[in-house]
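This briefing is intended to be read beside the sequence and the coordinates. Please keep both in view while going through the points.

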Amino acid sequence: MTNLQTIRSREQRTAWIFLLPALLLLLFVFGYPIVRAFWLSFFTQNLATNLQPVFSGFSNYVRMSGDGRFWQSFWTTTVFTFATVLLELLLGLGIALVLNREFFGRGVVRTIAILPWALPTALIGLAWAWIFNDQFGVVNDILMRLGLIKSGINWLGDPTLAMIAVIIGDVWKTTPFISILLLAGLQSISPDLYEAHAIDGATRWQSFYQITLPLLIPQILIATLFRFAQAFGVYDLIAVMTGGGPGGATEVVSLYIYSTIMRYLDFGYGAALVVCTFLLLVAAVIIASFLLKKSRVNTF
């Protein structure tokens with residue numbers, strides 16, 4: 001028994017030795033910027049201080065509590081995140097169920113389905129900006145040909161319509177990512193389970209609710225957490241499509257932080273915004289993970 005414990009101990013030490021370089025690299029790449037942002041958030045560093053850091057304690061956080069533009073951008077980010085993640089989960093599950101079935105040319109269809117995810121986000125944003133263009137856009141052209149509208153709609157010039165437009169663009173771009181993750185989960189489910197369930201007289205809906213959905217909970221959890229974090233930090237799609245307009249209606253937190261740091265050169269306050277957003281995102285991910293894991297336990 002002692003020899004076995006010694007061997008395991010040596011294997012663990014060897015594993016840590018091989019992992020140490022990668023862990024140090026991750027710590028430097030991800031840990032240093034976070035620590036740097038925490039440190040800088042307690043200083044005032046802007047044009048008024050000649051870009052020199054001056055210790056100011058919690059003044060940046062006090063300023064943030066009364067910053068209406070930040071909380072508006074945070075609300076916009078929250079709406080965008082929940083809307084896109086929910087739609088992508090529903091559409092991604094439907095696409096995954098279709099791609100999991102046997103049909104001619106399934107491999108080609110699967111390849112085509114992943115193309116939107118493979119394309120650069122900035123390019124996708126530019127394409128959707130032209131699609132929703134009020135004068136030359138495809139959407140207005142189709143609606144006018146169908147007789148549903150008489151003149152072009154200024155999609156990106158109306159606050160509500162602009163938000164809908166960026167949500168559609170993001171859903172089109174990232175739904176394939178969800179569908180591929182869920183498709184991998186579907187392929188891991190044994191067909192024998194469905195056959196046995198069908199012999200017991202179960203319908204397709206009952207098989208989906210009692211077999212497919214419970215066994216897909218791990219993939220749904222992973223996809224939700226990935227997409228939640230990505231959607232909350234969205235920048236390039238909205239920056240290209242609307243630039244945060246009109247009137248800040250689509251300005252998300254990342255755009256506001258970019259403007260604060262790069263346009264106004266307010267590095268201390270920008271760092272405080274980064275820290276606050278990071279902590280809120282971590283808290284949201286932890287809560288979402290807990291709720292989804294709890295729902296998984298209840299399902300089983």
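The points below treat helix packing, record annotation, backbone geometry and selected residues.

The structure is a predicted model, in which local features need pLDDT of at least 70 and side-chain atom pairs count only at pLDDT 80 or more, while totals for chains, interfaces and linings use all residues. Residues are numbered from 1 along each chain as its sequence is written, and side-chain values use heavy atoms, with hydrogens and water left out. Helices (H or I, at least four residues) and strands (E, at least two) are DSSP runs, numbered from the N terminus.

**Packing of H9 and H10**

- Two packed helices are described by the angle between their axes and the distance between the axes. Axes are lines fitted to C-alpha atoms, for helices over the stretch in contact, and angles run from 0 to 180 degrees between N-to-C directions.
- Helix H9 (residues 191–199) packs on helix H10 (residues 204–232) at an angle of about 155°, and their axes are 10 Å apart.
- H9 and H10 are therefore roughly antiparallel to each other; angles under 35 degrees count as roughly parallel, over 145 as roughly antiparallel, 65 to 115 as roughly perpendicular and the rest as oblique.
- The crossing of H9 and H10 is right-handed. A crossing is left-handed if the near helix is turned anticlockwise from the far one by less than a right angle, and right-handed if clockwise.
- H9 contributes Leu193, Tyr194 and His197 to the contact, and H10 contributes Gln206, Ser207, Gln210, Ile211, Thr212 and Leu215. Contact means heavy atoms within 4.5 Å.
- By class, the residues of the contact of H9 with H10 are four nonpolar, five polar and no charged. Ala, Val, Leu, Ile, Met, Phe, Trp, Tyr, Cys and Pro count as nonpolar, Asp, Glu, Lys and Arg as charged, and the others, Gly among them, as polar.

**Packing of H3**

- Helix H3 (residues 68–99) and H10 pack at an angle of about 145°, with axes 10 Å apart, and their crossing is right-handed.
- On the H3 side, the contact residues include Phe74, Phe80, Glu88 and Leu97; on the H10 side, they include Phe208, Ile220, Arg227 and Phe232.
- The contact of H3 with H10 comprises 14 nonpolar, six polar and two charged residues.
- The axes of H3 and H12 come within 8 Å and cross at roughly 145°.
- In that contact, Arg69, Phe70, Ser73, Phe74 and Thr77 of H3 meet Val253, Tyr256 and Ser259 of H12. The residues divide into four nonpolar, three polar and one charged.

**Annotation from the record**

- An unreviewed UniProt entry places the feature "transmembrane region" at residues 15–35, 74–99, 111–131, 161–186, 207–229 and 267–292.
- In the model, the span 111–131 is 86% helix and 0% strand, with its end C-alpha atoms 24 Å apart. The span 161–186 is 100% helix and 0% strand, with its end C-alpha atoms 36 Å apart.

**Backbone geometry**

- Most residues other than glycine have a negative phi, and most peptide bonds are trans.
- The peptide bond from Gly245 to Pro246 is cis, with omega near -5°. Pro246 is placed in the loop between helix H11 (236–241) and helix H12 (253–263).
- Leu51, which is not a glycine, has a positive phi of about 60°. Leu51 is found in the loop between strand E1 (43–44) and strand E2 (54–55).
- Leu265, which is not a glycine, has a positive phi of about 55°. Leu265 is placed in the loop between H12 and helix H13 (267–299).
- Leu51 counts as partly exposed at 34% relative accessibility, and Leu265 counts as partly exposed at 27%. Buried means under 20% relative accessible area, exposed over 50%, and partly exposed in between (1.4 Å probe, protein chains only).

**Selected buried residues**

- Gly245 counts as buried at 15% relative accessibility. Leaving aside neighbours within four places in sequence, Gly245 is in contact with Ala162 and Thr250.
- Gly245 and Asp158 are 87 residues apart in sequence and 8.8 Å apart in space, C-alpha to C-alpha.
- Met163 lies in helix H8 (residues 159–187) and is buried, with a relative accessible area of 13%. Not counting residues up to four places away in sequence, Met163 touches Thr76, Phe80, Ala249 and Thr250.
- Ser259, in helix H12, counts as buried at 6% relative accessibility. Apart from its neighbours within four places in sequence, Ser259 is in contact with Arg69 and Tyr264.

Note on methods
UniProt positions are given in the numbering used here, feature names are shortened, and annotations may be inferred rather than shown by experiment.
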